[in-house]
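Dear colleague,

Please find below the structure that I am handing over to you, followed by an account of what was found in it. I would be grateful if you read the two side by side.

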Amino acid sequence: MIEIQDLHKSFGPLQVLKGIDLRLEHGKVLVIIGPSGSGKTTLLRCFNLLEIPDRGTLQLAGLRIDFTDNRQIPRKTVLSLRQKTGMVFQSYNLFPHMTSLGNVMEGQVTVQKRSREVAKKRGLELLAKVGLADKTESYPHQLSGGQQQRVAIARAMAVEPEVLLFDEPTSALDPELVGEVLKVIRQLAAEGMTMVIVTHEMKFAADVADTIILMDQGVILEQGTPQQVLRQTRNPRALQFLNRLIGEE
Amino acid sequence: MDDRKLHIFLDSLLPLFKAGVAYTIPLALVSFALGLLLAVVTALVRLSSWRIPQLIARFYVWVIRGTPLLVQLFIIFYGLPSVGIVLDPFIAAVIGFTLSVGAYSSEVVRAAILSIHKGQWEAAFSVGMTRVQALRRIILPQAARVSVPPLSNSFISLVKDTSLAASITYVEMFRTAQQITATTYEPLLLYCEAALFYLLFCSVLSVLQNMLERRFDRYSAR
(Lines give C-alpha, C1' and ligand atoms only; values in the text may rest on other atoms or scores of the structure.)
Protein backbone atom coordinates (compact mmCIF):
# COMPACT_ATOMS: atom_id res chain seq x y z
CA MET A 1 0.00 0.00 0.00
CA ILE A 2 1.09 3.54 -0.72
CA GLU A 3 -0.05 6.40 1.42
CA ILE A 4 0.76 10.09 1.12
CA GLN A 5 -0.30 12.64 3.70
CA ASP A 6 -0.23 16.42 3.58
CA LEU A 7 2.59 16.54 1.03
CA HIS A 8 4.01 20.00 0.28
CA LYS A 9 6.70 21.02 -2.17
CA SER A 10 7.96 24.43 -3.25
CA PHE A 11 10.56 25.49 -5.77
CA GLY A 12 11.78 28.77 -4.36
CA PRO A 13 8.75 31.00 -3.91
CA LEU A 14 6.62 28.78 -6.17
CA GLN A 15 4.34 26.40 -4.25
CA VAL A 16 3.90 23.37 -6.50
CA LEU A 17 2.21 20.93 -4.11
CA LYS A 18 -0.06 22.35 -1.45
CA GLY A 19 -1.08 19.45 0.75
CA ILE A 20 -1.66 16.22 -1.15
CA ASP A 21 -3.34 13.21 0.49
CA LEU A 22 -3.81 9.91 -1.30
CA ARG A 23 -3.89 6.15 -0.81
CA LEU A 24 -3.26 3.39 -3.27
CA GLU A 25 -3.86 -0.28 -2.56
CA HIS A 26 -1.44 -2.93 -3.76
CA GLY A 27 -2.18 -4.06 -7.31
CA LYS A 28 -4.19 -0.97 -8.20
CA VAL A 29 -3.62 1.67 -10.85
CA LEU A 30 -3.68 5.36 -10.02
CA VAL A 31 -3.86 7.84 -12.88
CA ILE A 32 -3.02 11.49 -12.31
CA ILE A 33 -4.43 14.02 -14.76
CA GLY A 34 -4.57 17.78 -14.83
CA PRO A 35 -3.46 20.82 -16.79
CA SER A 36 0.24 21.50 -17.23
CA GLY A 37 1.73 23.23 -14.22
CA SER A 38 -0.77 21.53 -11.91
CA GLY A 39 2.04 19.71 -10.05
CA LYS A 40 1.26 16.19 -11.25
CA THR A 41 4.78 15.40 -12.46
CA THR A 42 6.28 16.83 -9.26
CA LEU A 43 3.93 14.66 -7.22
CA LEU A 44 5.01 11.58 -9.20
CA ARG A 45 8.68 12.45 -8.69
CA CYS A 46 8.09 12.61 -4.94
CA PHE A 47 7.17 8.91 -4.99
CA ASN A 48 10.80 7.94 -5.68
CA LEU A 49 12.36 11.05 -4.14
CA LEU A 50 13.68 12.56 -7.33
CA GLU A 51 12.07 15.52 -5.60
CA ILE A 52 12.28 15.69 -1.83
CA PRO A 53 9.05 17.10 -0.39
CA ASP A 54 9.24 19.94 2.13
CA ARG A 55 6.55 18.59 4.40
CA GLY A 56 4.28 15.60 4.84
CA THR A 57 4.74 11.84 4.96
CA LEU A 58 5.19 9.12 2.39
CA GLN A 59 4.55 5.46 3.08
CA LEU A 60 5.65 3.01 0.43
CA ALA A 61 6.80 -0.61 0.42
CA GLY A 62 7.05 -0.80 4.19
CA LEU A 63 9.03 2.43 4.48
CA ARG A 64 7.59 5.44 6.21
CA ILE A 65 9.31 8.74 5.51
CA ASP A 66 8.54 11.91 7.40
CA PHE A 67 9.53 15.10 5.61
CA THR A 68 8.56 17.45 8.40
CA ASP A 69 10.54 20.70 8.44
CA ASN A 70 12.85 19.78 5.56
CA ARG A 71 14.33 16.96 7.59
CA GLN A 72 17.40 15.36 5.99
CA ILE A 73 16.38 11.94 4.64
CA PRO A 74 19.02 9.24 5.29
CA ARG A 75 20.78 8.19 2.08
CA LYS A 76 20.04 4.54 2.77
CA THR A 77 16.33 5.25 2.96
CA VAL A 78 16.39 7.12 -0.34
CA LEU A 79 18.27 4.28 -2.06
CA SER A 80 16.08 1.51 -0.72
CA LEU A 81 12.94 3.41 -1.65
CA ARG A 82 14.21 3.90 -5.19
CA GLN A 83 14.91 0.18 -5.48
CA LYS A 84 11.28 -0.49 -4.63
CA THR A 85 10.04 1.86 -7.34
CA GLY A 86 10.62 1.92 -11.06
CA MET A 87 10.20 4.98 -13.22
CA VAL A 88 9.40 5.49 -16.90
CA PHE A 89 10.20 8.95 -18.21
CA GLN A 90 8.57 11.07 -20.85
CA SER A 91 11.79 11.22 -22.86
CA TYR A 92 12.72 7.55 -22.21
CA ASN A 93 16.19 8.40 -20.82
CA LEU A 94 17.65 5.10 -21.91
CA PHE A 95 21.39 4.75 -21.40
CA PRO A 96 22.63 5.42 -24.96
CA HIS A 97 25.93 3.60 -24.52
CA MET A 98 24.25 0.31 -23.68
CA THR A 99 22.17 -2.11 -25.74
CA SER A 100 18.52 -2.78 -24.85
CA LEU A 101 19.65 -5.78 -22.87
CA GLY A 102 22.42 -3.74 -21.23
CA ASN A 103 19.86 -1.16 -20.16
CA VAL A 104 17.65 -3.80 -18.61
CA MET A 105 20.59 -5.56 -16.90
CA GLU A 106 22.25 -2.43 -15.53
CA GLY A 107 20.21 -1.89 -12.37
CA GLN A 108 20.20 -5.60 -11.58
CA VAL A 109 23.97 -5.90 -11.83
CA THR A 110 25.13 -2.55 -10.42
CA VAL A 111 22.50 -2.01 -7.74
CA GLN A 112 21.14 -5.43 -6.86
CA LYS A 113 24.47 -7.22 -7.38
CA ARG A 114 22.90 -10.05 -9.32
CA SER A 115 25.22 -12.18 -11.42
CA ARG A 116 25.35 -11.29 -15.09
CA GLU A 117 23.75 -14.63 -16.04
CA VAL A 118 20.77 -14.11 -13.76
CA ALA A 119 20.39 -10.50 -14.89
CA LYS A 120 20.63 -11.51 -18.52
CA LYS A 121 18.01 -14.20 -18.15
CA ARG A 122 15.57 -11.80 -16.52
CA GLY A 123 16.46 -9.08 -19.02
CA LEU A 124 15.66 -11.34 -21.97
CA GLU A 125 12.36 -12.37 -20.37
CA LEU A 126 11.34 -8.77 -19.82
CA LEU A 127 12.31 -7.67 -23.33
CA ALA A 128 10.28 -10.56 -24.72
CA LYS A 129 7.39 -9.48 -22.53
CA VAL A 130 7.38 -5.97 -24.01
CA GLY A 131 7.63 -7.45 -27.51
CA LEU A 132 11.28 -6.73 -28.20
CA ALA A 133 12.84 -10.18 -28.15
CA ASP A 134 14.45 -9.40 -31.51
CA LYS A 135 15.95 -6.06 -30.39
CA THR A 136 18.04 -7.13 -27.40
CA GLU A 137 21.35 -6.18 -29.03
CA SER A 138 20.14 -2.87 -30.51
CA TYR A 139 21.35 0.44 -29.17
CA PRO A 140 18.69 3.02 -28.26
CA HIS A 141 19.39 5.20 -31.30
CA GLN A 142 18.57 2.23 -33.53
CA LEU A 143 15.07 1.94 -32.06
CA SER A 144 11.87 3.89 -32.66
CA GLY A 145 10.44 6.01 -29.85
CA GLY A 146 7.83 3.37 -29.05
CA GLN A 147 10.47 0.65 -28.90
CA GLN A 148 12.70 2.80 -26.70
CA GLN A 149 9.87 3.44 -24.30
CA ARG A 150 9.13 -0.28 -24.11
CA VAL A 151 12.79 -0.94 -23.27
CA ALA A 152 12.45 1.75 -20.60
CA ILE A 153 9.44 -0.08 -19.14
CA ALA A 154 11.42 -3.33 -19.09
CA ARG A 155 14.32 -1.50 -17.41
CA ALA A 156 12.01 -0.10 -14.74
CA MET A 157 10.55 -3.57 -14.09
CA ALA A 158 13.93 -5.29 -13.96
CA VAL A 159 14.64 -4.40 -10.35
CA GLU A 160 11.28 -5.91 -9.35
CA PRO A 161 9.75 -2.73 -7.96
CA GLU A 162 6.60 -2.72 -5.88
CA VAL A 163 5.26 0.19 -7.87
CA LEU A 164 5.89 1.52 -11.36
CA LEU A 165 5.78 5.27 -11.95
CA PHE A 166 5.01 6.64 -15.42
CA ASP A 167 5.64 10.29 -16.25
CA GLU A 168 3.66 11.04 -19.43
CA PRO A 169 5.02 7.89 -21.09
CA THR A 170 3.48 8.63 -24.50
CA SER A 171 3.77 12.41 -24.73
CA ALA A 172 7.01 12.36 -26.73
CA LEU A 173 5.81 9.69 -29.14
CA ASP A 174 4.51 9.99 -32.68
CA PRO A 175 0.76 9.28 -32.59
CA GLU A 176 1.08 5.96 -34.42
CA LEU A 177 3.53 4.67 -31.77
CA VAL A 178 1.38 5.50 -28.74
CA GLY A 179 -0.70 2.34 -29.01
CA GLU A 180 2.16 -0.14 -28.65
CA VAL A 181 3.30 1.50 -25.40
CA LEU A 182 -0.20 1.76 -23.93
CA LYS A 183 -0.76 -1.90 -24.78
CA VAL A 184 2.22 -2.90 -22.63
CA ILE A 185 0.98 -0.76 -19.73
CA ARG A 186 -2.53 -2.23 -20.01
CA GLN A 187 -1.04 -5.69 -19.91
CA LEU A 188 0.88 -4.84 -16.73
CA ALA A 189 -2.31 -3.49 -15.18
CA ALA A 190 -4.09 -6.70 -16.03
CA GLU A 191 -1.31 -8.65 -14.31
CA GLY A 192 -1.86 -6.68 -11.11
CA MET A 193 1.16 -4.38 -11.19
CA THR A 194 0.77 -1.40 -8.88
CA MET A 195 1.18 1.72 -10.99
CA VAL A 196 0.99 5.48 -10.80
CA ILE A 197 0.58 7.08 -14.21
CA VAL A 198 0.66 10.72 -15.24
CA THR A 199 -0.94 10.97 -18.67
CA HIS A 200 -2.97 13.09 -21.06
CA GLU A 201 -4.52 10.05 -22.76
CA MET A 202 -8.05 10.26 -21.35
CA LYS A 203 -9.50 7.19 -22.96
CA PHE A 204 -6.57 5.13 -21.74
CA ALA A 205 -6.90 6.69 -18.28
CA ALA A 206 -10.58 5.80 -18.11
CA ASP A 207 -9.84 2.19 -19.13
CA VAL A 208 -6.85 1.41 -17.01
CA ALA A 209 -7.35 3.41 -13.81
CA ASP A 210 -8.83 2.14 -10.59
CA THR A 211 -8.57 5.64 -9.23
CA ILE A 212 -8.16 8.93 -11.03
CA ILE A 213 -6.82 12.08 -9.42
CA LEU A 214 -7.47 15.41 -11.11
CA MET A 215 -4.95 18.01 -9.98
CA ASP A 216 -4.93 21.75 -10.44
CA GLN A 217 -2.58 24.36 -9.01
CA GLY A 218 -0.98 22.00 -6.52
CA VAL A 219 -4.13 20.52 -5.00
CA ILE A 220 -6.34 17.55 -5.78
CA LEU A 221 -9.62 18.80 -7.29
CA GLU A 222 -11.27 15.43 -7.72
CA GLN A 223 -10.42 11.91 -6.64
CA GLY A 224 -12.38 8.76 -7.36
CA THR A 225 -13.20 6.11 -9.93
CA PRO A 226 -12.90 7.11 -13.59
CA GLN A 227 -16.69 7.30 -13.72
CA GLN A 228 -16.85 9.66 -10.73
CA VAL A 229 -14.04 11.95 -11.86
CA LEU A 230 -14.62 12.04 -15.61
CA ARG A 231 -18.42 11.89 -15.76
CA GLN A 232 -19.93 13.06 -12.51
CA THR A 233 -17.76 15.92 -11.31
CA ARG A 234 -19.49 19.19 -10.46
CA ASN A 235 -16.29 21.10 -9.77
CA PRO A 236 -16.21 24.01 -12.26
CA ARG A 237 -12.44 23.97 -12.75
CA ALA A 238 -12.44 20.22 -13.26
CA LEU A 239 -15.24 20.56 -15.81
CA GLN A 240 -13.35 23.30 -17.62
CA PHE A 241 -10.27 21.07 -17.92
CA LEU A 242 -12.25 18.02 -19.04
CA ASN A 243 -14.27 19.97 -21.59
CA ARG A 244 -11.15 21.42 -23.11
CA LEU A 245 -9.71 17.91 -23.50
CA ILE A 246 -12.87 16.61 -25.08
CA GLY A 247 -12.80 19.60 -27.42
CA GLU A 248 -9.33 18.54 -28.54
CA GLU A 249 -10.38 14.96 -29.19
CA MET B 1 71.23 17.95 -50.81
CA ASP B 2 74.91 17.01 -50.93
CA ASP B 3 76.33 13.68 -49.85
CA ARG B 4 77.52 14.83 -46.47
CA LYS B 5 74.14 16.21 -45.50
CA LEU B 6 72.37 13.13 -46.70
CA HIS B 7 74.68 11.04 -44.56
CA ILE B 8 74.05 13.16 -41.51
CA PHE B 9 70.32 12.97 -42.17
CA LEU B 10 70.33 9.20 -42.52
CA ASP B 11 72.68 8.64 -39.60
CA SER B 12 70.42 10.74 -37.38
CA LEU B 13 67.21 8.91 -38.22
CA LEU B 14 67.80 6.03 -35.86
CA PRO B 15 69.06 8.02 -32.83
CA LEU B 16 66.17 10.46 -33.15
CA PHE B 17 63.59 7.72 -33.57
CA LYS B 18 65.04 5.84 -30.60
CA ALA B 19 64.96 8.96 -28.44
CA GLY B 20 61.38 9.52 -29.52
CA VAL B 21 60.24 6.02 -28.72
CA ALA B 22 62.30 5.57 -25.55
CA TYR B 23 61.96 9.06 -24.02
CA THR B 24 59.47 11.39 -25.73
CA ILE B 25 56.59 8.94 -25.98
CA PRO B 26 56.93 7.44 -22.47
CA LEU B 27 57.10 10.95 -21.01
CA ALA B 28 53.96 11.95 -22.92
CA LEU B 29 52.09 8.75 -22.05
CA VAL B 30 52.88 8.78 -18.35
CA SER B 31 52.13 12.49 -18.02
CA PHE B 32 48.88 12.19 -19.93
CA ALA B 33 47.64 9.19 -17.95
CA LEU B 34 48.41 10.87 -14.62
CA GLY B 35 47.18 14.23 -15.90
CA LEU B 36 43.87 12.74 -17.00
CA LEU B 37 43.38 11.19 -13.59
CA LEU B 38 44.12 14.55 -11.99
CA ALA B 39 41.76 16.23 -14.47
CA VAL B 40 38.85 13.92 -13.59
CA VAL B 41 39.43 14.39 -9.87
CA THR B 42 39.69 18.17 -10.30
CA ALA B 43 36.54 18.28 -12.44
CA LEU B 44 34.58 16.18 -9.92
CA VAL B 45 35.74 18.35 -7.04
CA ARG B 46 34.69 21.46 -8.91
CA LEU B 47 31.27 19.94 -9.60
CA SER B 48 30.87 18.83 -5.99
CA SER B 49 29.51 20.91 -3.15
CA TRP B 50 32.62 20.70 -0.95
CA ARG B 51 33.62 24.31 -0.43
CA ILE B 52 37.30 24.06 0.56
CA PRO B 53 38.40 21.38 -1.95
CA GLN B 54 36.56 23.37 -4.59
CA LEU B 55 38.58 26.47 -3.77
CA ILE B 56 41.80 24.47 -3.91
CA ALA B 57 40.86 23.05 -7.31
CA ARG B 58 40.02 26.49 -8.69
CA PHE B 59 43.27 27.90 -7.33
CA TYR B 60 45.25 25.07 -8.92
CA VAL B 61 43.66 25.55 -12.36
CA TRP B 62 44.10 29.33 -12.10
CA VAL B 63 47.82 29.12 -11.28
CA ILE B 64 48.74 26.45 -13.83
CA ARG B 65 46.79 28.03 -16.68
CA GLY B 66 48.10 31.48 -15.85
CA THR B 67 51.82 30.72 -15.87
CA PRO B 68 54.05 29.45 -18.70
CA LEU B 69 54.78 25.75 -18.78
CA LEU B 70 58.49 26.42 -19.34
CA VAL B 71 58.63 28.58 -16.23
CA GLN B 72 56.84 25.85 -14.24
CA LEU B 73 59.38 23.28 -15.40
CA PHE B 74 62.25 25.58 -14.39
CA ILE B 75 60.74 26.13 -10.96
CA ILE B 76 60.34 22.39 -10.42
CA PHE B 77 63.76 21.37 -11.73
CA TYR B 78 66.03 24.34 -11.03
CA GLY B 79 64.09 26.08 -8.28
CA LEU B 80 63.06 23.32 -5.89
CA PRO B 81 66.66 22.23 -5.11
CA SER B 82 67.00 25.52 -3.19
CA VAL B 83 64.51 24.16 -0.69
CA GLY B 84 66.15 20.75 -0.64
CA ILE B 85 63.98 19.01 -3.25
CA VAL B 86 66.21 17.60 -5.98
CA LEU B 87 64.37 15.75 -8.72
CA ASP B 88 65.47 13.53 -11.54
CA PRO B 89 64.80 15.28 -14.90
CA PHE B 90 62.23 12.68 -15.91
CA ILE B 91 60.35 12.99 -12.61
CA ALA B 92 60.47 16.78 -12.78
CA ALA B 93 59.13 16.70 -16.34
CA VAL B 94 56.36 14.25 -15.42
CA ILE B 95 55.28 16.47 -12.52
CA GLY B 96 55.27 19.58 -14.70
CA PHE B 97 53.37 18.04 -17.59
CA THR B 98 50.93 16.18 -15.34
CA LEU B 99 50.00 19.40 -13.55
CA SER B 100 49.55 21.12 -16.89
CA VAL B 101 47.40 18.39 -18.46
CA GLY B 102 45.39 18.11 -15.25
CA ALA B 103 44.54 21.81 -15.21
CA TYR B 104 43.61 22.22 -18.86
CA SER B 105 41.80 18.91 -19.23
CA SER B 106 39.82 19.34 -16.03
CA GLU B 107 37.85 22.02 -17.87
CA VAL B 108 37.23 19.63 -20.76
CA VAL B 109 36.09 16.88 -18.42
CA ARG B 110 33.91 19.26 -16.43
CA ALA B 111 32.22 20.53 -19.59
CA ALA B 112 31.73 16.97 -20.84
CA ILE B 113 30.08 15.88 -17.59
CA LEU B 114 27.82 18.94 -17.65
CA SER B 115 26.86 18.19 -21.25
CA ILE B 116 25.20 14.90 -20.27
CA HIS B 117 21.45 15.40 -19.98
CA LYS B 118 20.14 15.43 -16.43
CA GLY B 119 17.62 12.75 -17.40
CA GLN B 120 20.54 10.32 -17.45
CA TRP B 121 21.26 11.02 -13.78
CA GLU B 122 17.58 10.64 -12.97
CA ALA B 123 17.28 7.37 -14.86
CA ALA B 124 20.31 6.07 -12.95
CA PHE B 125 18.87 7.23 -9.62
CA SER B 126 15.49 5.74 -10.48
CA VAL B 127 16.97 2.23 -10.63
CA GLY B 128 18.53 2.83 -7.23
CA MET B 129 22.08 3.88 -8.09
CA THR B 130 24.18 6.02 -5.78
CA ARG B 131 25.86 9.15 -7.17
CA VAL B 132 29.15 7.28 -7.49
CA GLN B 133 27.53 4.37 -9.32
CA ALA B 134 25.68 6.75 -11.65
CA LEU B 135 28.88 8.61 -12.38
CA ARG B 136 30.94 5.50 -13.01
CA ARG B 137 28.43 3.48 -15.02
CA ILE B 138 26.29 6.10 -16.78
CA ILE B 139 27.75 9.60 -16.82
CA LEU B 140 31.52 9.18 -17.27
CA PRO B 141 31.26 6.68 -20.15
CA GLN B 142 29.10 9.17 -22.04
CA ALA B 143 31.29 12.10 -21.03
CA ALA B 144 34.30 10.15 -22.31
CA ARG B 145 32.75 10.03 -25.77
CA VAL B 146 32.22 13.78 -25.76
CA SER B 147 35.77 14.37 -24.53
CA VAL B 148 37.64 12.38 -27.18
CA PRO B 149 38.19 15.25 -29.66
CA PRO B 150 39.24 17.92 -27.13
CA LEU B 151 41.35 15.46 -25.13
CA SER B 152 43.05 14.31 -28.31
CA ASN B 153 43.97 17.95 -28.83
CA SER B 154 45.49 18.04 -25.37
CA PHE B 155 47.45 14.87 -25.98
CA ILE B 156 48.81 16.05 -29.31
CA SER B 157 49.83 19.36 -27.71
CA LEU B 158 51.50 17.44 -24.93
CA VAL B 159 53.56 15.32 -27.32
CA LYS B 160 54.97 18.50 -28.83
CA ASP B 161 55.35 20.23 -25.46
CA THR B 162 57.59 17.42 -24.22
CA SER B 163 60.33 19.13 -26.26
CA LEU B 164 60.39 21.71 -23.45
CA ALA B 165 61.84 18.98 -21.24
CA ALA B 166 65.05 19.38 -23.24
CA SER B 167 65.59 22.59 -21.30
CA ILE B 168 65.66 20.72 -18.00
CA THR B 169 68.32 18.28 -19.27
CA TYR B 170 65.95 15.44 -20.09
CA VAL B 171 67.45 13.83 -23.19
CA GLU B 172 64.34 13.27 -25.31
CA MET B 173 64.04 13.62 -29.05
CA PHE B 174 64.62 17.36 -29.32
CA ARG B 175 67.58 17.32 -26.95
CA THR B 176 69.04 14.51 -29.03
CA ALA B 177 68.67 16.67 -32.14
CA GLN B 178 70.44 19.49 -30.32
CA GLN B 179 73.30 17.19 -29.38
CA ILE B 180 73.75 15.93 -32.94
CA THR B 181 73.65 19.54 -34.15
CA ALA B 182 76.42 20.41 -31.74
CA THR B 183 78.76 17.98 -33.46
CA THR B 184 77.59 18.31 -37.07
CA TYR B 185 76.76 22.05 -37.26
CA GLU B 186 73.63 21.37 -39.31
CA PRO B 187 70.85 23.00 -37.29
CA LEU B 188 68.42 23.44 -40.17
CA LEU B 189 68.69 19.82 -41.19
CA LEU B 190 68.51 18.31 -37.70
CA TYR B 191 65.70 20.49 -36.39
CA CYS B 192 63.64 19.84 -39.51
CA GLU B 193 64.29 16.15 -39.07
CA ALA B 194 63.12 16.33 -35.47
CA ALA B 195 60.05 18.27 -36.60
CA LEU B 196 59.26 15.50 -39.08
CA PHE B 197 59.31 12.94 -36.30
CA TYR B 198 56.96 15.06 -34.20
CA LEU B 199 54.69 15.32 -37.22
CA LEU B 200 54.83 11.57 -37.67
CA PHE B 201 53.97 10.86 -34.03
CA CYS B 202 51.09 13.34 -34.04
CA SER B 203 49.73 11.90 -37.28
CA VAL B 204 49.62 8.47 -35.71
CA LEU B 205 47.71 9.99 -32.80
CA SER B 206 45.19 11.59 -35.15
CA VAL B 207 44.56 8.21 -36.73
CA LEU B 208 44.12 6.66 -33.28
CA GLN B 209 41.68 9.44 -32.39
CA ASN B 210 39.58 8.63 -35.46
CA MET B 211 39.56 4.94 -34.59
CA LEU B 212 38.49 5.72 -31.04
CA GLU B 213 35.70 8.00 -32.23
CA ARG B 214 34.48 5.38 -34.65
CA ARG B 215 34.42 2.82 -31.86
CA PHE B 216 32.28 5.13 -29.75
CA ASP B 217 30.02 5.86 -32.72
CA ARG B 218 28.48 2.44 -32.40
CA TYR B 219 26.05 3.85 -29.89
CA SER B 220 25.70 7.40 -31.02
CA ALA B 221 23.33 8.41 -33.77
CA ARG B 222 25.29 11.55 -34.65
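A:Met202 lies in helix 7 of chain A, which spans residues 202-208. The model is a predicted one, and the remarks below should be read accordingly. A:Met202 has 18 C-beta neighbours inside 10 Å and therefore counts as partly exposed, since a residue is called buried only at 20 or more and exposed at 12 or fewer. Between the C-alpha atoms of A:Met202 and A:Ser80 there is a separation of 33 Å, the two residues being 122 apart along the chain.

Turning to the sheet of chain A, four strands are arranged as an open sheet in the order 2-1-4-5, with antiparallel pairing. Its edges are formed by strand 2 (14-24) and strand 5 (63-66); each has a single partner strand, so one side of each is left without a neighbour in the sheet. On average, neighbouring strands of this sheet are turned by 15° against each other, direction ignored.

The pairing of strand 4 (residues 55-60) with strand 5 of chain A is antiparallel and rests on 4 bridges. Within this pair, A:Leu60 stands opposite A:Leu63, and A:Gln59 has A:Arg64 as its bridge partner. The hairpin made by strand 4 and strand 5 of chain A has 2 residues between the strands, and A:Ala61 adopts a positive phi near 50° there.

Helix 1 of chain A (residues 40-47) lies across strand 1 (2-11), strand 2 and strand 4 of chain A, and runs at about 60° to strand 2. Is this helix buried or exposed? Of its 8 residues, 8 are buried, so helix 1 of chain A is largely enclosed by the rest of the structure. Its buried residues include A:Lys40 and A:Arg45, as well as A:Leu43, A:Leu44 and A:Phe47. Just after helix 1 of chain A, A:Leu49 has a positive phi of about 60°.

As to the nonpolar cores, the largest contains 79 residues, and those touching the most other members are A:Val31, A:Ile32, A:Ala154, A:Leu164, A:Met195, A:Val196 and A:Ile212. The element that gives the most to this core is helix 5 of chain A (residues 145-158), with 7 residues. Leaving aside residues up to four places away in sequence, A:Val196 touches A:Leu24, A:Leu30, A:Ile32, A:Leu44, A:Phe47, A:Val163 and A:Leu165. Another core, of 43 residues, lies apart from it, and among its members are B:Val108, B:Ala112, B:Phe174 and B:Ile180.

Between the chains, 19 residues of chain B are in contact with 21 residues of chain A. On the side of chain B that touches chain A, helix 5 (118-126) and helix 6 (131-161) of chain B each supply at least two residues. Helix 5 of chain B provides the largest share of that side, 6 residues. By type, the residues on this side of chain B comprise 8 nonpolar, 8 polar and 3 charged.

Finally, an unreviewed UniProt entry places the feature "domain: ABC transmembrane type-1" at residues 21-209 of chain B. Over those residues chain B is 83% helix and 0% strand, and the end C-alpha atoms are 19 Å apart.

With kind regards

Key: Residues are numbered from 1 along each chain as its sequence is written. Chains are lettered from A and ligands numbered from 1 in the order in which they are written. This is a predicted model: local features need pLDDT of at least 70, side-chain atom pairs count only at pLDDT 80 or more; totals for chains, interfaces and linings use all residues. UniProt positions are given in the numbering used here, feature names are shortened, and annotations may be inferred rather than shown by experiment. Two strands pair if DSSP finds at least two bridges between them. Axes are lines fitted to C-alpha atoms, for helices over the stretch in contact, and angles run from 0 to 180 degrees between N-to-C directions. Two residues are in contact if their C-beta atoms, placed from the backbone, lie within 7 Å. A nonpolar core is a set of buried Ala, Val, Leu, Ile, Met, Phe, Trp, Tyr and Cys residues joined through C-beta atoms within 7 Å. Ala, Val, Leu, Ile, Met, Phe, Trp, Tyr, Cys and Pro count as nonpolar, Asp, Glu, Lys and Arg as charged, and the others, Gly among them, as polar.
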